[in-house]
Amino acid sequence: MVSLIQSIYYGFGSGMVPDNLGFALQNRGKLFSLDPSHYNRLEPHKRPFHTIIPAFVTKGGNPKFSFGVMGGDFQPQGHAQVLMNMIDFGMSSQQAGEQPRISHDESSTPMGDKMVGGGSVGFEKHIPDRVKLALAEMGHDVRSGLDAFGGYQGIWRKDKPMRYFGGTDSRKDGCAIGY
């Protein structure tokens with residue numbers, strides 16, 4: 001089982017395409033700062049912050065679930081939501097990825113942005129209005145409108161007999177492949 005996320009980062013990456021090769025170069029270094037007092041300053045042996053975080057779940061030292069949720073800063077939120085759907089709600093790898101998601105934005109960031117006012121919560125379609133209202137009544141800043149968060153693929157392994165179950169969603173490109 002392998003989990004990977006391919007990314008060239010920011011939109012079309014660097015916007016640079018090597019002559020006669022047909023692919024764009026990444027621009028992960030964009031998140032470095034040239035300010036010598038910044039904690040993400042450019043210096044030897046440092047790596048830029050990035051959100052390439054494919055996930056791999058084991059149980060008792062054995063592989064169980066290989067997956068990833070694309071989507072920049074949303075990735076850890078998406079991973080947690082997919083895992084909750086499977087572990088807490090008993091969904092299959094396909095069902096877990098199809099569920100509507102929420103996203104908390106405007107938090108503090110590795111680039112030095114500081115959260116002001118607690119951030120805001122956004123929703124995909126199919127989250128009931130009663131849920132949004134209840135969150136607003138608890139003091140959350142609920143954003144209007146709808147969005148789509150992340151893009152998921154995963155493969156769940158079951159033993160005795162060993163078999164694999166793939167799951168994917170239509171939010172972004174990607175696939176779960178077995179052979």
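**Reading the pockets**

By class, 11 nonpolar, 4 polar and 1 charged residues make up the lining of the second largest pocket (Ala, Val, Leu, Ile, Met, Phe, Trp, Tyr, Cys and Pro count as nonpolar, Asp, Glu, Lys and Arg as charged, the others, Gly among them, as polar).

Trainee: What kind of model is this?

Mentor: The model is predicted: local features need pLDDT of at least 70, side-chain atom pairs pLDDT 80 or more, and totals for chains, interfaces and linings use all residues. Residues are numbered from 1 along each chain as its sequence is written, and side-chain values use heavy atoms, without hydrogens and water.

Trainee: What volume does the second largest pocket have, and which residues are closest to its centre?

Mentor: Rolling a probe the size of a water molecule over the atoms shows where empty space is left. A pocket is an open set of points on a 1 Å grid over the protein atoms alone where a 1.4 Å probe fits, with protein on both sides within 12 Å along at least five of seven lines; lining residues have an atom within 4 Å of a point. Here the volume (space filled by probe spheres set on the points, which are joined across faces, edges and corners) is about 300 Å³. Of its 16 lining residues, Gln81, Met84, Asn85, Pro100 and Ile102 are the closest to the centre.

Trainee: Which element gives the most to that lining?

Mentor: Helix 1 does, with 5 residues; helices are DSSP runs of H or I, at least four residues, and strands are runs of E, at least two, numbered from the N terminus.

Trainee: How much space lies in the largest pocket?

Mentor: About 1,200 Å³. Among its 43 lining residues, Leu4, Ile5, Gln6, Met70 and Gln153 are the closest to the centre. Strand 2 supplies the largest share of this lining, 5 residues.
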